[in-house]
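Please look over the structure shown below. The report that follows takes up its helices, its ring pairs and its charged side chains in turn.

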Amino acid sequence: MMKLFRDVFPLAILAGICISIGCVVNLRVGGVAGAVLFAFGLTTVVYYGLKLYTGTAGFIRRQGDWDMLAVVLLGNIVGCLLSAWLIGYAQPDCVEPASAVLAGRLAKGAFACFLLAIGCGFIMTTAVEFARKGKMLPLLLGVPVFILCGFAHSIADAFYFLVSPSDQLLQPQVLWVYLCEVLGNFVGCNLYRWTLFFSTVEKQ
């Protein structure tokens with residue numbers, strides 16, 4: 001575990017910071033332009049080989065990678081927390097739109113956020129799979145697609161939630177909604193792999 005924290009945790013923190021940069025531009029610009037510019041965050045993660053939860057969950061082995069995935073998620077959240085502290089102080093105009101994102105998630109409820117997170121996870125794993133083969137266009141398109149669809153990205157939402165006012169963030173249902181997003185992202189990230197596995201089993 002100590003080796004994981006030494007080797008993976010710093011890369012996961014940086015990935016959380018990169019996604020937070022995408023979140024900031026999306027909050028400040030909004031619309032199609034904000035969704036497109038958000039792609040800078042994920043492109044940076046892929047280029048530098050950083051560790052992002054939604055770029056990792058769809059590629060883990062059945063045994064041996066669960067500790068690593070937990071460290072990645074924790075590091076991503078820490079990166080978002082550090083970014084949220086900085087942005088909340090230096091760019092307070094981001095607080096209101098981030099609060100609106102959180103309010104929207106709470107209004108939808110945990111199960112709806114779980115379903116929306118599945119769509120995001122599927123898109124992200126597909127985009128990363130193409131990027132690993134040197135094809136970046138799906139990555140550049142995938143990010144604005146999931147944002148404009150209203151799908152939930154658990155790491156982006158970690159930043160949005162943490163920038164929001166503390167009285168809103170500390171509502172009990174926020175944690176439940178967030179955990180459902182994390183789970184939904186995991187399901188979406190593995191949707192193709194699971195479908196392929198069961199299809200193969202049925203043919204045997």
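## Helix surfaces and contacts

Leucine 140 counts as partly exposed at 40% relative accessibility, where buried means under 20% relative accessible area, exposed over 50%, and partly exposed in between (1.4 Å probe, protein chains only). The model is a predicted one, in which local features need pLDDT of at least 70 and side-chain atom pairs count only at pLDDT 80 or more, while totals for chains, interfaces and linings use all residues. Residues are numbered from 1 along each chain as its sequence is written, and side-chain values use heavy atoms, with hydrogens and water left out.

Leucine 140 is found in helix α8 (residues 137-149); helices here are DSSP runs (H or I, at least four residues), numbered from the N terminus. Together with Leu137, Leu141 and Val145, Leu140 makes a nonpolar surface patch of about 360 Å². Such a patch is made of residues with over 30% relative accessible area and no salt bridge, nonpolar side chains (Val, Leu, Ile, Met, Phe, Trp, Tyr) being joined within 5 Å, and the accessible areas come from the Shrake-Rupley method with a 1.4 Å probe, only the protein chains shown counting as cover for residues.

Helix α9, by contrast, is mostly covered, with 9 of its 10 residues buried; among them are Ser154, Ile155, Ala156 and Val163. Leucine 162 also lies in helix α9, but counts as partly exposed at 26% relative accessibility. Leaving aside residues up to four places away in sequence, leucine 162 touches Ile77, Cys80, Leu81, Ala84 and Leu169, contact meaning heavy atoms within 4.5 Å. The C-alpha atoms of leucine 162 and leucine 102 are separated by 9.3 Å, although these residues are 60 residues apart along the chain.

## Aromatic rings

How many aromatic pairs does the structure hold? There are 6 aromatic pairs, a pair being rings of Phe, Tyr and Trp (its six-membered ring) with centres within 6.5 Å, and planes under 30 degrees apart counting as stacked, over 60 as edge-to-face and the rest as tilted. The ring centres of phenylalanine 159 and tyrosine 160 lie 6.3 Å apart with their planes at 65°, so this pair is edge-to-face, and both phenylalanine 159 and tyrosine 160 are buried. Phenylalanine 161 and tyrosine 178 are likewise edge-to-face, because their ring centres are 6.1 Å apart and their planes at 65°. Since phenylalanine 161 lies in helix α9 (residues 154-163) and tyrosine 178 in helix α11 (residues 172-189), this pair ties together parts that are 17 residues apart in sequence.

## Salt bridges

The count comes to 5 salt bridges, each being a side-chain nitrogen of Lys or Arg within 4 Å of a carboxyl oxygen of Asp or Glu. The table gives some of them.

| Aspartate 7 | Arginine 6 | 3.4 Å |

Arg105 and Asp157 are linked with Glu181 in a network of salt bridges. Elsewhere, arginine 6 is exposed, with a relative accessible area of 56%, and lysine 133 is exposed, with 60%.

Notes. Helix = DSSP H or I, 4+ residues; strand = E, 2+ residues; numbered from the N terminus. Patch = residues over 30% accessible without salt bridge, like charges linked within 9 Å, V, L, I, M, F, W, Y side chains within 5 Å.
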